[in-house]
Amino acid sequence: MAYKHYTKCYDHDPLNPPLSESELYSTPIEGLLFGAVIGGIAGAAAGSIGGPAGFAIGLFVGIFVGTASGMMAALDIISRKWLNHRLICLSGRRCAVGAVAIPEAIGTLGDFDNDEFFDIALMPYPPGQGFAYTDPESTHWQSNMAGKIADPNLQLLLDANPLNDPYLAPLQGDLVRPNATILEDLYYDRSKTWLHCEAEGDFWVRIQSLIPVSGLLSGVAAVVTTGAFLGGFALGCEIGGIFGPLGCLILGLILALLFAAASLFAAEEVIGGVIEGEFETDPGDIEDANVGDSPLGPLQAGDRLAVIGIHVFDGLHKGWNEIHPLMAVVRVPGDAPSYVEWDPTFPDDGEVPPPLDDFTGDAAKQLTAVDMRLGLGSATFLARATAIRDRWCQFVSEAFDDAVGETQQGLTNAWTIHPAVDGCAEPEPEPPK
């Protein structure tokens, strides 16, 4: 299946910041309250010329219209921002190779996000090393400043060889490094040294199509809740009136709040059921981006992947870089020549990855224990890692090449990604006539 793509990134303007978590949650509430109050006041005022009956009718009509309008306007604003003004464009379509650090999961309804996602530790970093900085609350990132990580022994090795810092790495480091030029006014969570990858779900596209229905349900819920409040107060006042005005007021408020709460609970069940159904209809699925011959299956920590997608900054949360949407993903074989990992404590007698025959220059040289300890500080190690990244990115990128796709459909070329990856299966013989 083809990957799904509903969002668009935008060029950041400090005067027009991305959708934030506070805005996501506050806008619908503000729209409901503002619409209900203004609508109710306007409706009651207009209906008052018809006496008490006109006042009551105007009040309920105003609350319905105001609440429905407020909810529709709020959902329109939020859905448009979610889809078009949340992700900040960074460096366009990018490829990355890494190992799974956090296996796949799907967002929750509480986050209003049904994308499926996973995190990868970019090659050559082992997935077990988080490299999380100890000062993730820093407001701004300066491109010439590396943070301090939690492991003091590993920090000493990074201080001696800063090219192995994930943010400063000459290989794939820019994928996770905060961009001080583009994001100078935004918060970056510097504990995020892994690359977040998301396969998009269609929840907010569905919400856009449900805006009229959501407005209608919200208006009805507001009217019913208002009626329940007023009815509860009237009943409580009638019962408590035997104790005088104070009894009327106290019992009236108690029953009014109880009736209104029951009404809100019922409305929440109905509206929540509709929203939950839409949320679960078509969530994100990383298999949609799978360009391999077989299903990816469950991802485990340490599984090696090559991915392609749009490189963006997600400003909704505290902020971090992402591949969003995930356009292609394939498993990288686990054999040693296809991947390298930096090991600052690699023993002298350790088994180093063997060279690959078709590499040239430094990439073809035999790695040594010293190279494994130096990591990206070693020209040979850097060349090998770069060649491996380039090879896999070329293979996966060819899934988007029209000419390659036409060749792939040839009867004698039964492969999905590349003959070097999937092999070329012989055509099945024609049945006898």
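Buried means under 20% relative accessible area, exposed over 50%, and partly exposed in between, with a 1.4 Å probe and protein chains only. This is a predicted model, in which local features need pLDDT of at least 70, side-chain atom pairs count only at pLDDT 80 or more, and totals for chains, interfaces and linings use all residues. Residues are numbered from 1 along each chain as its sequence is written, and side-chain values use heavy atoms, with hydrogens and water left out.

## Aromatic pairs

The structure holds seven aromatic pairs. One of them joins Y25 and F112, which are tilted, at 5.7 Å centre to centre with 50° between the planes. Because Y25 lies in helix α1 (residues 21-47) and F112 in the loop between β1 (87-106) and β2 (116-122), the pair ties together parts that are 87 residues apart in sequence. Rings of Phe, Tyr and Trp (its six-membered ring) pair if their centres lie within 6.5 Å; planes under 30 degrees apart count as stacked, over 60 as edge-to-face and the rest as tilted. Helices (H or I, at least four residues) and strands (E, at least two) are DSSP runs, numbered from the N terminus.

F203 and F279 form an edge-to-face pair, because their ring centres are 5.2 Å apart and their planes are at 70°. F203 is in helix α5 (residues 203-209) and F279 in helix α7 (residues 245-281), so that distant parts of the chain, 76 residues apart, are linked. F203 counts as buried at 2% relative accessibility, as does F279 at 7%.

## Ring cluster and charge

Y25, W82, F112, F203, W204 and F279 are linked by ring pairs into a cluster. Over the ring of W82 sits the charged end of R86, 4.2 Å from the ring centre. For this, NZ of Lys or CZ of Arg must be within 6 Å of the ring centre and within 35 degrees of the ring normal.

## Largest cavity

The largest cavity has a volume of about 80 Å³. A cavity is a set of points on a 1 Å grid over the protein atoms alone where a 1.4 Å probe fits but cannot get out; lining residues have an atom within 4 Å of a point. Of the 16 lining residues, the closest to the centre are W82, L83, D115, G201 and W204. Helix α5 gives the most to this lining, with three residues.

Methods:
On a 1 Å grid over the protein atoms alone, a cavity is a set of points where a 1.4 Å probe fits but cannot get out, and a pocket is an open set with protein on both sides within 12 Å along at least five of seven lines; lining residues have an atom within 4 Å of a point. Grid points are joined across faces, edges and corners, and a volume is the space filled by probe spheres set on the points.
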